[in-house]
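This report describes a protein model through its confidence values, its salt bridges and one of its helices. The sequence and structure are shown first.

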Amino acid sequence: MAVKMAMLLQEIKKEYKLESSSFQDITDLIETIFQADDIHGIKAAFISEIMEIISCMHEGDSQYTPVVRQIIAEVQQNYKEDMNLKTLAYKYHMNASYLGQIFQKEVGCSFARYLSNTKNGIAKDLILNTNMKINDIAKQVGYPDTSYFYRKFKQCYGVSPASLREMKKY
C-alpha cells in the first residue's frame, strides 16, 4: 500500500510538472519507507513529500487554479492542434461556459485570445529569427489558412507578418 501511494505521489508530480530539488526520487522515497522503523516513520515520509508537493504547487503559478494551469500548459505544448474551450472542458469534465469564465477571470483574457496570442508570439519569433516562408510559419503555428493568419497577426501586433520581417532588416 505504501509503495502504491509513493507511485501515486510520483504521478501527481508528473501530471502537474512539478520539479523541486527537495523532492525525493521515487526510489529514494520507497527506500525511506522500507527503512522506517514503524508506521510513524512511513507517515512522516509521506507527510514530508506531500507538504513539498503542496508548497511547490503554490510556489509557481499560484494565481491560477490547477485546471487553468493544465490548460495553459496544454496550449504551450499543443498550440498547433485544433483546440477549443469546448473540447478542453470535456477533457477536464467541466462545463465549457464555466471553464471560460474561470479562464477569463484568472488569465485576464478569453481562451481564444490566449491561444491566438500564443500562436502569434511563436510566429513572431519565427519571422524574426528564421528565413521560413510566412505561409510555412502560418502552418507551423497551426493556422492552415494564411490569410486568416495575416488578419490575426496584424490584430495582435498592428503590423502584418511581412512588414515585421521588413522592419527586421533595418
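## Salt bridges

At a relative accessibility of 1%, E49 counts as buried (buried: under 20% relative accessible area; exposed: over 50%; partly exposed: in between; 1.4 Å probe, protein chains only). The side chain of E49 forms a salt bridge with that of K13, at 2.6 Å from N to O; a salt bridge is a side-chain nitrogen of Lys or Arg within 4 Å of a carboxyl oxygen of Asp or Glu. This pair joins distant parts of the chain, with K13 in helix α1 (residues 2–15) and E49 in helix α3, 36 residues apart. Helices are DSSP runs of H or I with at least four residues, and strands are runs of E with at least two, numbered from the N terminus. K13 is likewise classed as buried, because its relative accessibility is 7%.

Two salt bridges are found in a search of the whole structure. K91 also takes part in a salt bridge, with E74, and their closest N and O atoms are 2.9 Å apart. Because K91 belongs to helix α5 (residues 85–91) and E74 to helix α4 (residues 66–78), the pair ties together parts 17 residues apart in sequence. K91 is partly exposed at 45% relative accessibility, whereas E74 is buried at 14%.

## Model and confidence

The model is predicted: local features require pLDDT of at least 70 and side-chain atom pairs count only at pLDDT 80 or more, while totals for chains, interfaces and linings use all residues. Residues are numbered from 1 along each chain as its sequence is written, and side-chain values use heavy atoms, with hydrogens and water left out.

The mean pLDDT (the predictor's confidence in each residue, from 0 to 100) is 87 for the protein, and 93% of its residues reach 70 or more.

## Helix α9

Helix α9 (residues 146–157) has twelve residues and should span 16 Å at 1.5 Å a residue, which agrees with the 16 Å between its end C-alpha atoms. The expected span is 1.5 Å times one less than the number of residues. G158 follows α9 and has a positive phi, near 85°.

The buried residues of α9 include T146, F149 and F153. They cover an arc of only 50° around the axis, so they lie on the same side of α9; the arc is that of the directions from the helix axis to the C-beta atoms. The exposed residues R151 and Q155 are on the face of α9 turned away from its buried side. The cover over the buried residues of α9 includes α7 (111–129), α8 and α10 (161–169), where contact means heavy atoms within 4.5 Å.
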